[in-house]
Every structure is written in C-alpha cells, then in structure tokens.
Amino acid sequence: MESLKQRILEEGVVISDQVLKLDALLNHQVDPKLTLEMGKELAARFRESGVTRVITVESSGIPVAFAVAAELGVPLVFARRKKTLVGDTETFSERVPSFTKGIVTDIMVSRQFLKSDDHILFIDDIIANGDAARGLIKIIERSGATLAGMGVVVEKCFQQGAATIREQGVRLEALVKIKSLENQQIQFEV
Ligand code: 5GP
C-alpha cells in the first residue's frame, strides 16, 4: 500500500533497530481516512473467505479492525487486557508478553462473542515477535472457531513473529513489510 508507506516514511520515528514509533498513525493518533483505506485493502484480501467476525486486541488494533469489519459487514470483537487472571469460566484467556511495554498481560475474550461456528479474521496493528498473535490464535482454537487468517498493518520481517505464524499454516497478510530499521532508515521489503 504505497500511500501508507509514504506516511510511515514521513511520520514514523525510528527508536532503535527493533522499534518504529507510529504514534501519529496507529498507536496514539488515528487518521480516519487512511484507516478506512487500510480497512478496505485488508477486507478485499479476505472478502471471499467467509469471515463471520473480526477480532483484535485492544487498543491499537481497534481502529483498523473496525474499518475491516465495517467493510465486511460483520461484528468486531476486541480481546481485552486485564492485569490479573481470576478464574473466570465465562472467558477464554491467555497470558502474553507485551513487546513494547516489557510486561506480561492477560488477554481475554468472552465466550459470548466467540463461537465454535465462527470463521475469524484476526486484525492487528504491528507484528513483531508474534506473542500477542499466538495468544489470540490459541484463544480462537480453544473456542472451536476456525481462523480465516490474519491481517496486519505493519509486518516487521526482521523479527520472527510473522514467519512462525505462517509456518503454522495461517494465511497472514501485511499492508506494509519492513525489512530493516538499521541506521535510522526505514527499509521496506519490495
Ligand atoms: P508482538 O507480540 O508481535 O511481539 O508485538 C505486537 C504488539 O507490540 C503490536 O500490537 C504493537 O502494538 C507492539 N509493537 C511491536 N513492535 C512495535 C514497534 O516497532 N512499534 C510500535 N509502535 N509498536 C510495536
């Protein structure tokens, strides 16, 4: 998605060889027009997949996941993060490390919103090591629902998350793939 690459070059801030700050587009401010375009593009890639629900993890995945769900005409469910895991039979929960915060959080989805006959499209903002994605995929598996695939705005190819998810046989689509952040330069995969 060329318009997105351009915006990332203009507004992304390279924090280190590993981390790209995208507060202006994804993690603090949302550009509605650009977000709707991202939603259209991701929805187009999964339009024929029979998706019944879109799922994401709060909070940065929500705007783009909403845009995808609106395009596909299906509900959006967002997994919530909670600080402690109290035994709750009404939810599916997984413990995941947070890449940017350096802490462990529990993500949970109510059983009410994830059913065994669902075909789920999982949308997220950025995939790095893939811990958040693996946690949510486990939740989906445990619910008995099937996974249509995963769509992300940014894939950082130099980290292993996306590769390991694809090795599990999951279709993973990225709007933009970044191959390196070395020397303060954002390099896209062509
Ligand atoms: P993972 O679980 O794949 O290691 O990390 C996923 C989450 O961490 C993403 O949803 C995103 O919010 C955050 N994250 C990972 N890498 C980056 C990065 O380079 N920049 C920003 N802004 N967030 C990141």
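Modeller: Two residues are said to be in contact if their C-beta atoms, placed from the backbone, lie within 7 Å. Please keep in mind that this is a predicted model. Leaving aside its neighbours within four places in sequence, Asn27 is in contact with Leu22, Ser60 and Asp125.

Biologist: What makes Asn27 partly exposed?

Modeller: A residue is buried if 20 or more other C-beta atoms lie within 10 Å of its own, exposed if 12 or fewer, and partly exposed in between. Asn27, which has its place in helix α2 (residues 23-27), has 14 other C-beta atoms within 10 Å, and therefore it is called partly exposed.

Biologist: Which residues does the UniProt annotation "binding site" cover together with Asn27?

Modeller: According to that unreviewed entry, the annotation covers Leu20, Asn27 and Lys156. Leu20 is found in strand β2 (residues 20-21), and, leaving aside its neighbours within four places in sequence, Leu20 is in contact with Gly12, Val14, Ile15, Ile178, Leu181 and Ile186.

Biologist: Why is Leu20 called partly exposed?

Modeller: Leu20 has 19 other C-beta atoms within 10 Å, and since a buried residue needs 20 or more, the label for Leu20 is partly exposed.

Biologist: Why is α3 called oblique to α4?

Modeller: Helix α3 (residues 32-46) and helix α4 (residues 62-72) pack at an angle of about 55°, with their axes 8 Å apart. Angles under 35 degrees count as roughly parallel and those from 65 to 115 as roughly perpendicular, so α3 is oblique to α4. The crossing in which α3 passes α4 is right-handed. The residues of the contact of α3 with α4 divide into ten nonpolar, two polar and two charged.

Biologist: What makes Asn183 and Gln184 exposed?

Modeller: The limit for exposed is 12 or fewer other C-beta atoms within 10 Å; Asn183 has 8 and is therefore exposed, and Gln184 has 10 and is therefore exposed as well. Asn183 is found in the loop between β9 (172-180) and β10 (187-188), and Gln184 is likewise found in the loop between β9 and β10.

Biologist: What is the phi of Asn183, and what is the phi of Gln184?

Modeller: Phi of Asn183 is near 55°, and phi of Gln184 is about 60°. Both deserve mention because most residues other than glycine have a negative phi.

Biologist: What makes the peptide bond from Glu58 to Ser59 cis?

Modeller: The omega of that bond is near 0°, and Ser59 is found in the loop between β3 (53-57) and α4.

Definitions and conventions. Residues numbered from 1 in each chain as written. Predicted model: local features only at pLDDT ≥ 70, side-chain atom pairs only at ≥ 80, totals over all residues. Axes fitted to C-alpha atoms, helices over the stretch in contact; angles between N-to-C directions. Helix = DSSP H or I, 4+ residues; strand = E, 2+ residues; numbered from the N terminus. Parallel < 35°, antiparallel > 145°, perpendicular 65-115°, else oblique. Left-handed = near helix turned anticlockwise from the far one by under 90°. Nonpolar A, V, L, I, M, F, W, Y, C, P; charged D, E, K, R; others polar. UniProt positions renumbered as here; feature names shortened; annotations may be inferred.
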